[in-house]
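Biologist: Can you walk me through this one? Keep it short, and give me your cut-offs as we go.

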Protein chains: 2
Amino acid sequence: MSIPRNTKAKQAVLHEISSSDFALSQPEIFERVKGACDRVTVYRILDRLVTENKIHKIVNVDGTINYARCTSCDESHMHAHDHLHFSCIACKKIECLAEQIVHVNLPASYQIKELFLTISGICPSCQAT
Amino acid sequence: MSIPRNTKAKQAVLHEISSSDFALSQPEIFERVKGACDRVTVYRILDRLVTENKIHKIVNVDGTINYARCTSCDESHMHAHDHLHFSCIACKKIECLAEQIVHVNLPASYQIKELFLTISGICPSCQAT
DNA sequence: TTATTTAATGCAACATTGTTGCGTTTTGCA
DNA sequence: TGCAAAACGCAACAATGTTGCATTAAATAA
């Protein structure tokens, strides 16, 4: 296993993801770090950050791939996605509904890898406008 | 609103989706109706079949868009997706876990549009092999 | 500080998936 | 059978993601 390096481009990408309050797509991230590095490099950095467990790869309800720093878990352990997420179709923000735990009771013959529990709709903030 | 027509290409596409026991992507469908029509036509047919409520558009856990005929609901009403789905990463089949109803208790300030409740993993059949 | 190793990058080229415009064909119906 | 428009084919374009390879730069050791 190779030793990861902390490059300027990597820092820039991680900074954009960290400072955004909603999950970003690769094109959005590339736009925000404009000039810092090549388009291809962004893809490779994102892959690395995911394997290093620094960021989460999120599949949105429309199929777009977004990346976010999960605020409710530290980096040392896998995040338990046993709770619901709310994906606002207006502002695109994805919110963790941590208190809404989903209990899954499947036969042992099912080997569970990951849970994708997302509700799409309009969040309170966008509702108001 | 335009009146839909029953073309040969449309029949072919619908037949492939109907006879498959798992959701198919556009490339898979195009491959299976090979020669029946153009690549672009498949896209347009799929869009039409979705608006006509003949098929369902499904976003898989990996972000790919798949199409399927939903067996557990007739065509005249919207399907209630308040139950869990199991998506096998080996055989790609998506199963409805109809008995696993998820009760969502969100504040009224959230306007819910759709639920995406999918578990990814390995299904019993693929487990055995 | 400098040298060394190899992780990371840039660039070009390619692949896949999806969209748009437009002229032509075909379907459903009068 | 004739007609309106739904559907189609084709070409071109657009967005997103991947691969190969020569070059650059980060981390560590000398």
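Modeller: In chain B, strand S4 (residues 83–88) and strand S6 pair in the parallel sense over four bridges. Strands pair here if DSSP finds at least two bridges between them. Strands (E, at least two residues) and helices (H or I, at least four) are DSSP runs, numbered from the N terminus.

Biologist: In S6(B), what is the bridge partner of B:His85?

Modeller: B:Thr118 is the bridge partner of B:His85.

Biologist: Where do the coordinates and numbering come from?

Modeller: This is a predicted model: local features need pLDDT of at least 70, side-chain atom pairs count only at pLDDT 80 or more, and totals for chains, interfaces and linings use all residues. Residues are numbered from 1 along each chain as its sequence is written, chains are lettered from A and ligands numbered from 1 in the order written, and side-chain values use heavy atoms, with hydrogens and water left out.

Biologist: Back to S6. Which strand of chain B is joined to S6(A), and by how many bridges?

Modeller: Strand S6 of chain B, residues 111–122. Eleven bridges join S6(A) to S6(B), and the two run antiparallel.

Biologist: How many residues does each chain put into the contact?

Modeller: Chain A gives 34 residues and chain B gives 33. Contact means heavy atoms within 4.5 Å.

Biologist: And what area is buried between chain A and chain B?

Modeller: About 2,700 Å², with carbon and sulfur atoms giving 59% of that. Buried area is the accessible area (1.4 Å probe) that two parts lose on being put together, summed over both.

Biologist: Which residues in chain A lose the most area to chain B?

Modeller: A:Tyr110, A:Gln111 and A:Phe116. Together they make up 21% of what that side buries.

Biologist: Which elements give two or more residues to the chain A side?

Modeller: In chain A, strands S4 (83–88), S5 (94–101) and S6 (111–122), plus helix H4 (124–128). S6(A) has the largest share, twelve residues.

Biologist: How does that side divide into nonpolar, polar and charged?

Modeller: The chain A side has 19 nonpolar, eleven polar and four charged residues. Ala, Val, Leu, Ile, Met, Phe, Trp, Tyr, Cys and Pro count as nonpolar, Asp, Glu, Lys and Arg as charged, and the others, Gly among them, as polar.

Biologist: How many residue pairs are in polar contact across the interface?

Modeller: Ten, with both residues at pLDDT 80 or more. A polar contact is a pair of N or O atoms within 3.5 Å; within protein, one must be able to donate a hydrogen and the other to accept it, and residues adjacent in sequence count only if both atoms are side-chain atoms.

Biologist: What rotation superposes chain A on chain B?

Modeller: One of 180°, with 0.1 Å of shift along its axis and an RMSD of 0.3 Å. The two copies are therefore related as by a two-fold rotation axis. The same surface serves both: 97% of the contact residues of chain A recur in chain B. Copies are superposed by least squares on the C-alpha atoms of residues with pLDDT of at least 70 in both.

Biologist: New topic. What is the order of the open three-strand sheet in chain B?

Modeller: S1-S3-S2, with antiparallel pairing. S1 and S2 of chain B are the edge strands, each pairing on one side only. Strand S2 (residues 56–59) and S3(B) share four bridges.

Biologist: Where is the positive phi in that hairpin of S2(B) and S3(B)?

Modeller: At B:Gly63, near 95°. The hairpin has five residues between the strands.
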